Amino acid sequence: MQYREDKHGNKLSTLGLGCMRFSGNNKETEKMILEAIEKGVNFFDTAFIYPNSEKRLGEILKKHDKRKDVFVATKLPHSKCVTKYDFDKYFSIQLERLQTNYIDYYFIHNITDFEQWTNLQKLGIEDWIREKKETGEIKQIGFSFHGTCDDFLKILDSYDWEFCMIQYNYYAENYQAGKTGLLKAFERGVPVMIMEPLLGGKLATGLPEQALKMFKKSNPELMPVDWAFWWLWNQKEVTVVLSGMNTLEQMQHNIKSATNFKPLTDEEKSVYVDVVRLFQKSYKIPCTNCNYCLPCPKGINIPSCLSSYNTGASQGFMSGMRQYITSTAVVSKNPLSPRKCNKCGKCEKQCPQNIEITKTLKKVARRYENPFFRFLLGIVRIVMVGKGRRAKKEN
C-alpha cells in the first residue's frame, strides 16, 4: 500500500474504504474490513446517514481490537441540526454506534453552499468544534462538498480546515469544486479526499466498447477501474481516494491497484481525452447512485431508473430496457414505474448532483414506456396472469 501525509504528518493509505455501500452480508463485510487493514488500508469513511454503516464498522473494529490501527472518518448531518444542542445529540449517537470515544476525521457533511456554513457558524459550530478538539473527541475537522466552485473557495477560506472532500474523477474534472478547488486546497495545505472516483461505478463498468479498446491498446495490463484510480493518484494534490467497495473481489483488486500504482506516461495520459469524448456521448444523466434521493414516497427506484437510461445510451436500447424492466418491475401486477412520480420534489432537495429528477424521470418513462412498449407490456401481463391461474389450478 502507498501512503500520503495529512496536514499533521499522519500517513494515510491512498485508497480509503468508503463504507456507504457495505454488503448485506455481515460476515463478508467483516472479512473485507479485516483484510483491508491487513493489506494496509487505514482510512475508513462512514456517515450518520449511511444505513447501519457506523454501527457495523464500530462492532467489527471493537470485536477485533482494531480501532487504534485505523483512522475513522464520519460526518455530522448538519441539515438535521436546528439548534447548537443538535451537534452533541448526533455526535453522541455516532460515538455510541462506532463504539469509540473519539473520531479521527470529522466532516461537516454535504455542504452545498456558503450560506449553509454561515448558518452553522451562527448556531455556534466553531465553539463546539473547539470544545471537542480540546477534549480529544475530534482529532481533525473538515467538510465534504457538493456545490459550485465559487462557494467551495469561500468555505475553504472561511475557517482553518484540516481536510476536505470533493467529487472528482477524469470525466468530471471541472464539476463542482473540480480541479480548481483541488489545487486551491493543496495550495492552502488542506488535504483532499476524493469521492465518486468511479462516477458511481460507471467508469468501471459503463464505458463504451470503443473506449475500452482505447485503454487496452494503451496499456493492456490495466482495467477501467485502474485507469480511473491512477488518473487520481497521478496528481500529488490528491491525498486519499475513497472507493465504496462492497465485495471482497472488488476490494482485493483495488488494493492491488493502489499498491502497484506508478506515474502515468505521456502516452497514457493522452488516452483520457478520447475516452472522455466518447463517454460524453453516452452519459446523459449525471447520477452517481449515491441513493440520497431515496426512499421515494411512491417507491420508485430512482437511481436504477436513471442508470437504465445511461445504459441504453452507452450499450444499446435493449440493454437499457432490460435494466429498466428489472428496476421498475413494470411487468408485475404492481409496477413501480417512474410514471407514478407525483412531483413532490423530495428527491431533488436531497440530490447532491442537483439533477431535475422529476423531469428526468418523465424523460426516462417516455423512452422506455412508449405506446408500442405499453402494448407489448399488456400482452406480457396477460400471459403472466394466465400462467398464474394455470399454476393455481394445478396446485
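This is a predicted model: local features need pLDDT of at least 70, side-chain atom pairs count only at pLDDT 80 or more; totals for chains, interfaces and linings use all residues.

Residues are numbered from 1 along each chain as its sequence is written, and side-chain values use heavy atoms, with hydrogens and water left out.

**A covered helix**

- Helices (H or I, at least four residues) and strands (E, at least two) are DSSP runs, numbered from the N terminus.
- Helix H10 spans residues 224-233 and is mostly covered, with 10 of its 10 residues buried.
- Buried means under 20% relative accessible area, exposed means over 50%, and partly exposed lies in between (1.4 Å probe, protein chains only).
- Among the buried residues of H10 are Trp 227, Trp 230, Trp 231 and Trp 233, and Pro 224 and Asp 226 are buried there too.

**Salt bridges**

- A salt bridge is a side-chain nitrogen of Lys or Arg within 4 Å of a carboxyl oxygen of Asp or Glu, and by this rule the count comes to 17.
- One of them joins Asp 157 to Arg 188, with the closest N and O atoms 2.5 Å apart.
- That pair links distant parts of the chain, 31 residues apart: Asp 157 is in helix H6 (residues 149-157), and Arg 188 is in the loop between helix H7 (178-187) and strand E9 (192-195).
- Arg 188 is partly exposed, at a relative accessible area of 35%.
- Asp 266 also forms a salt bridge, with Lys 269, and here the closest N and O atoms are 3.6 Å apart.
- Asp 266 and Lys 269 are separated by about one helical turn because they are three residues apart in helix H12 (residues 266-282).
- Asp 266 is exposed at 63% relative accessible area, whereas Lys 269 counts as partly exposed at 38%.
- Further along in H12, Arg 277 and Asp 274 lie three residues apart, about one turn of the helix, and their side chains meet in a salt bridge (3.6 Å, N to O).
- Arg 277 is partly exposed at 38% relative accessibility, and Asp 274 is partly exposed as well, at 32%.
- Asp 88, Lys 132 and Glu 137 are linked in a network of salt bridges.

**The largest pocket**

- On a 1 Å grid over the protein atoms alone, a pocket is an open set of points where a 1.4 Å probe fits, with protein on both sides within 12 Å along at least five of seven lines; lining residues have an atom within 4 Å of a point.
- The largest pocket holds about 1000 Å³ of space, where a volume is the space filled by probe spheres set on grid points joined across faces, edges and corners.
- Its lining has 48 residues, and Arg 21, Leu 198, Gly 200, Gly 201 and Gly 244 lie nearest the centre.
- Helix H13 gives the largest share of this lining, five residues.
- The lining divides into 18 nonpolar, 24 polar and six charged residues, where Ala, Val, Leu, Ile, Met, Phe, Trp, Tyr, Cys and Pro count as nonpolar, Asp, Glu, Lys and Arg as charged, and the others, Gly among them, as polar.

**The second largest pocket**

- The second largest pocket holds about 700 Å³ of space.
- Of its 28 lining residues, Ile 49, His 109, Asn 110, Tyr 292 and Gln 350 are the closest to its centre.
- Helix H15 provides the largest share of this lining, three residues.
- By class, the lining of the second largest pocket has 12 nonpolar, 11 polar and five charged residues.
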